Amino acid sequence: MAQQVPVDEDAVAGVVIPEEATHEVAADLAYRRLAIVNVAFVGGRLTGAGNWVLVDAGLRGSAGIICNAATTRFGDEGPPAAILLTHGHFDHVGALHSLAERWNVPIYAHSLELPYLSGQASYPPADPTVGGGIMAAMASLYPRGPIDVSRWLRPLPADGSVPALDGWRWLHTPGHSPGHVSFWRESDRTLLAGDAFVTTAQESAYAVMTQAPELHGPPMYYTPDWEAARESVRRLAALEPELVVTGHGPAMQGPAMRDALHRLADGFDEIAVPKHGHYVPPRVQVDAPRRAAQSSDLA
Ligand SMILES: [Zn+2]
Ligand SMILES: [Zn+2]
């Protein structure tokens with residue numbers, strides 16, 4: 001599969017902290033890759049219980065791994081101040097129930113995402129026809145909820161502030177899911193983008209394994225609203241981030257990343273939107289019946 005917007009290896013950010021198996025990208029920010037998806041830890045090392053937050057909650061069965069990494073990083077088995085969610089897809093909430101039971105801390109998500117986290121709604125079915133990779137082909141098998149963590153669940157504050165994280169704002173970046181959010185720290189231009197865009201071709205098992213750096217639109221098989229997804233990527237590119245951590249793929253930094261992000265934003269329809277699929281924009285589908293009619297005329 002061709003890369004969407006290739007990025008030089010030099011743009012990959014972070015140093016590996018072996019005892020945590022994390023990549024540290026700033027003094028108070030690290031992420032851990034759990035097979036196909038990242039979780040992020042925000043807070044200074046050895047800062048102790050209640051002084052950090054977890055962003056997203058990985059795959060089912062990974063609660064122990066997340067806890068161990070957190071205990072090592074923060075020097076305390078105690079809980080974070082909160083769990084923040086970029087969105088509620090299964091690979092971002094897999095360990096959420098276990099962690100919430102263990103830690104008993106609030107879980108914050110956008111109000112539009114709450115129905116998928118409180119047992120009320122399931123996401124629309126994934127589209128296995130897009131992206132051309134095995135991860136996409138398997139997408140119809142992925143769990144799509146609903147899960148129910150309503151005991152701990154709260155909406156993100158309407159004023160854009162982020163609970164327990166001074167200096168951060170949340171930004172509504174829908175498209176990949178209705179209540180998708182990204183987290184932004186202006187002071188050092190750090191962006192936690194979730195799946196608004198990612199840095200690997202998530203549809204392809206090969207790319208997910210090798211993690212060849214690239215800027216890539218949101219995972220195709222799960223994105224139902226491409227118009228909103230494009231506007232979200234454009235909004236994030238306009239922030240001119242210095243450092244990005246996404247839901248899938250390596251963290252990236254600097255001008256090469258920014259340049260690639262702008263190329264992705266500017267050419268989004270050609271680069272990131274599948275040519276056809278269940279959720280492709282109307283402009284493509286308008287043409288489809290005409291082509292079908294023509295080919296049946298010929299037949
Ligand atoms: Zn997702
Ligand atoms: Zn994801």
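1. T223 is a buried residue: 26 other C-beta atoms lie within 10 Å. The cut-off for burial is 20 or more, so T223 qualifies. This is a predicted model, and every point below should be read that way.

2. Where does T223 sit? It lies in the loop between β14 (214-215) and α6 (226-238). Leaving aside residues up to four places away in sequence, T223 touches G175, H176, P218, A229 and Y279. A126 is 97 residues away from T223 along the chain, yet their C-alpha atoms are separated by 7.8 Å.

3. Next, helix α1, residues 63-74. Its 12 residues should span 16 Å at 1.5 Å a residue. The end C-alpha atoms are 16 Å apart, so expectation and model agree. After α1 comes G75, with a positive phi near 70°.

4. Which residues of α1 are buried? They are A63, I66, A69, A70, R73 and F74. These residues cover an arc of only 135° around the axis, which means that they lie on the same side of α1. An α-helix has 3.6 residues a turn, so residues three or four places apart point the same way. Note that R73 is in the buried set.

5. What do the buried residues of α1 pack against? Their partners are the strands β3 (22-26), β4 (29-34), β5 (37-42) and β6 (53-55), together with helix α3 (96-103).

6. The α1 and α3 axes come within 9 Å and cross at roughly 50°. That angle makes α1 oblique to α3. On the α1 side the contact is made by A63, I66 and C67. On the α3 side it is made by S98, L99 and R102.

7. Helix α3 has its own buried set: L96, L99, A100 and W103. Their arc is only 100° around the axis, so they fall on the same side of α3. The buried residues of α3 pack against α1, β7 (82-84), α2 (90-93) and β8 (107-109). Just after α3, N104 takes a positive phi of about 50°.

8. β4 is mostly covered, with five of its six residues buried. β3 and β4 pair in the antiparallel sense over three bridges. One of these pairs E24 with A30 of β4. A hairpin links the two strands through two residues.

9. β4 also pairs with β5, again antiparallel, over six bridges. L29 has V42 of β5 as its bridge partner. Two residues lie between the strands of this hairpin, and A35 in the turn has a positive phi of about 55°.

10. Elsewhere there is an open sheet of six strands. What is the strand order? It runs β10-β11-β12-β13-β15-β16, with mixed pairing. β10 (161-162) and β16 (252-253) stand at the edges. Each has a single partner strand, so one side of each is left without a neighbour in the sheet.

11. Within that sheet, β13 (residues 190-194) and β15 (residues 243-246) run parallel and are joined by four bridges. L192 has V245 of β15 as its bridge partner.

Key. Residues are numbered from 1 along each chain as its sequence is written. Chains are lettered from A and ligands numbered from 1 in the order in which they are written. This is a predicted model: local features need pLDDT of at least 70, side-chain atom pairs count only at pLDDT 80 or more; totals for chains, interfaces and linings use all residues. The expected span of a helix is 1.5 Å times one less than its number of residues. A residue is buried if 20 or more other C-beta atoms lie within 10 Å of its own, exposed if 12 or fewer, and partly exposed in between; C-beta atoms are placed from the backbone. The arc is that of the directions from the helix axis to the C-beta atoms. Two residues are in contact if their C-beta atoms, placed from the backbone, lie within 7 Å. Two strands pair if DSSP finds at least two bridges between them. Axes are lines fitted to C-alpha atoms, for helices over the stretch in contact, and angles run from 0 to 180 degrees between N-to-C directions. Angles under 35 degrees count as roughly parallel, over 145 as roughly antiparallel, 65 to 115 as roughly perpendicular and the rest as oblique.
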